[in-house]
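Hi,

Here is the structure I said I would pass on to you. Have a look at it first, and then read my notes below.

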There are 2 protein chains.
Amino acid sequence: MADTARRPEPRYGNRPTMKDVAARAGVGLKTVSRVVNGEPGVTPDTERRVQEAIEILGFRRNDSARVLRKGRTATVGLVLEDLADPFYGPLSRAVEEVARAHGALLINGSSAEDPDREQELALALCARRVDGLIVIPSGDDHRYLEPEMRAGVATVFVDRPAGLIDADAVLTDSFGGARDGVAHLIAHGHRRIGFIGDRPRIHTAAERLRGYRAAMEDAGLPVRDAWVSPGSTDPERVRTAVREMLAAPEPVTALFAGNNRVLVTVVRALAAHPRPVALVGFDDIELADLLGVTVIAQDAAALGRTAAERLFRRLDGADEAPARVVLGTTLLARGSGEIPPQAD
Amino acid sequence: MADTARRPEPRYGNRPTMKDVAARAGVGLKTVSRVVNGEPGVTPDTERRVQEAIEILGFRRNDSARVLRKGRTATVGLVLEDLADPFYGPLSRAVEEVARAHGALLINGSSAEDPDREQELALALCARRVDGLIVIPSGDDHRYLEPEMRAGVATVFVDRPAGLIDADAVLTDSFGGARDGVAHLIAHGHRRIGFIGDRPRIHTAAERLRGYRAAMEDAGLPVRDAWVSPGSTDPERVRTAVREMLAAPEPVTALFAGNNRVLVTVVRALAAHPRPVALVGFDDIELADLLGVTVIAQDAAALGRTAAERLFRRLDGADEAPARVVLGTTLLARGSGEIPPQAD
DNA sequence: TCCTGCCATGACAACGTTGTCCAGGTTCTA
DNA sequence: TAGAACCTGGACAACGTTGTCATGGCAGGA
């Protein structure tokens, strides 16, 4: 027990190190390092002996130590809102593919739309010394990241811009998309259109609401307070909003759903409604084609890919000024958005 | 330039270290460590001085170094098939929540159903010395993980069992679920039922096919070769399979879809078909309720949670024998599975 | 034969942190 | 007041790897 007295916990289950391999192969430590990393300057015979020792001992290089020495982790962090949301799956996957192409791994975590949790996560990732950070912000103040960014952590924001700091952002044109969607409804004869979105705290939600108002204004149409939901993705509140808008003194004949969560609930609510109501949603959702739901589609994978590519360009030394990239949307007409206004 | 000659790359962008903080605060290195880690034995006054220095320099502890020293990374790896698949989102998220509750971060990667890529990823995670590994296997030989597991990497397999090694596995009862689903169709009068699943290489796919055959046999029904698709989730091939089964000499009156990918394609194909065809699918999918699709639902989040809890029990020292946990399924009757057989 | 130069190899320090141990000072007790 | 007990603080080594540099052997040319 004496010789392990200084080793309170079995480190990594007492794995063999390069030193052990070197001893076994009867070579120096650095030679093992050379073999493991495929560096030149090792005789085939020596290499074979080292490889055998590696095999026998079941050695695997400890990348923690490597990282400490090299100063690069080959890891990027992704802070998103909820990995379980079908919108973020493809985004995440796209980031992962780009990272993989650059030999990097991905650590990701969900903020659950909680600014404190976002900060905690992002800073934990910085403590791990990720080379870069991709953040889908929940909060609206990202000054806490300034020291990190100054210290060299490349950072790109996706889906929503950073708050109170100057940083790269890759966004979908929420304003334009919503305006197009609402204009589409107006073009099909609607004059009283309801908007149900997420909390206006969230940048995309605010932008989409702004797009809705712009389209109405462009067409010279008024917007009644009763036609705009206060904002929440909670199914119960969305259902209430739908019910109230359809029962208002000036009832809406069409609805615009501000994101995928809201959209599925609205689709369900309208399915139970006797009178046809036109509907356009922001975000495509699976099987929306079969249900004939017209949507403003955004490309989640493209968001992720674009952000990741920008991140790696920075990591590869590009020294561009922070910029905002805005991706367009696509209107997919499938029926629900082309229903004409129905009399009561 | 002389003093940086030995430093070819700016490590972590030249971040301050505890040494720098110590110098600034006029204390010893270890005292900074104590403050940072909230260890006792520091006067309030000293602590304040250190905190100030930390603030001014923008110091953040380098967890890479910490990990090297402590031998634990507080990180678990998750190897899944495709982060973009809506089935894996909730699973991933559930794992993340459990990890978070244990103070660990999650590195995840997609194998894209490629055994080599699965191995590459899993071993890369082991090289990073993740404390534990959760794997949704793509390959059917996991002997490559044996040295790692012996070396102390806790490993739990999810959704599909490990191949050729003895390890924990958390599975859904694919056999029972499929048998129940097919029995449900039989109970509604069907005698000629088609099965379209994924490649039988995949354990769950094989089990579901077995469940289908068992249900048919239990009912004394024959299974024609033409009723069983060779297995692929490729939409084109699924559509072909549907078409051929409906046009076979003994055409099927009902279909069983082996997973969510197959199911959406089958739903689309049947929507375009003139005659009603009964359908039950494995895996619930969003909006399936509105489309009236009867499914055998499995709980992806429960899979992830159960696996992660088992993993952390092991990390906390539990020394149980590897076991297999099987979670049940739920039949959700929504209409498509209750359509009676239709004459040609 | 001797020298030059190259090549394979290894010794050593350093990356930034934490665990151990010791020193010096203070407080309490006999 | 001496001694013990305690507390704060710091020096030092170690974690496992990689970059730098030195060394020794060997081939080739003069």
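Let's start with a strand in chain B: E4(B) runs parallel to strand E5 (residues 168-172) of chain B, and three bridges join the two. Helices (H or I, at least four residues) and strands (E, at least two) are DSSP runs, numbered from the N terminus, and two strands pair if DSSP finds at least two bridges between them. Val158(B) has Val170(B) in E5(B) as its bridge partner.

E4(B) also pairs with strand E3 (residues 132-135) of chain B, in the parallel sense and over four bridges. There, Phe157(B) in E4(B) sits opposite Val135(B).

A quick word on what you're looking at: this is a predicted model, where local features need pLDDT of at least 70, side-chain atom pairs count only at pLDDT 80 or more, and totals for chains, interfaces and linings use all residues. Residues are numbered from 1 along each chain as its sequence is written, while chains are lettered from A and ligands numbered from 1 in the order in which they are written.

Back to E4(B) (residues 154-158): five of its five residues are buried, so the strand is largely enclosed by the rest of the structure. Buried means that 20 or more other C-beta atoms, placed from the backbone, lie within 10 Å of a residue's own. Ala154(B), Val156(B) and Val158(B) point one way, Thr155(B) and Phe157(B) the other.

Now the DNA. Around DNA strand C there are 29 residues, and Gly28(A), Thr31(A), Thr46(A), Met18(B) and Ala65(B) come nearest. Near means that the C-beta atom, placed from the backbone, lies within 6 Å of the strand. H4(B) gives the most to this surface, with five residues. Helix H1 (18-25) and helix H2 (29-36) of chain B are among the others that each supply at least two.

Those two helices also meet each other. Their axes (lines fitted to C-alpha atoms over the stretch in contact) are 8 Å apart, at an angle of about 105° (from 0 to 180 degrees between N-to-C directions). H1(B) and H2(B) are therefore roughly perpendicular (65 to 115 degrees). Met18(B), which comes nearest to the DNA along with others, is one of the H1(B) residues in this contact.

Finally, the two chains: 48 residues of chain B are in contact (C-beta atoms, placed from the backbone, within 7 Å) with 48 residues of chain A. E2(B) gives the most to chain B's side, with six residues.

Methods
Parallel < 35°, antiparallel > 145°, perpendicular 65-115°, else oblique. Buried ≥ 20, exposed ≤ 12 C-beta atoms within 10 Å, placed from the backbone.
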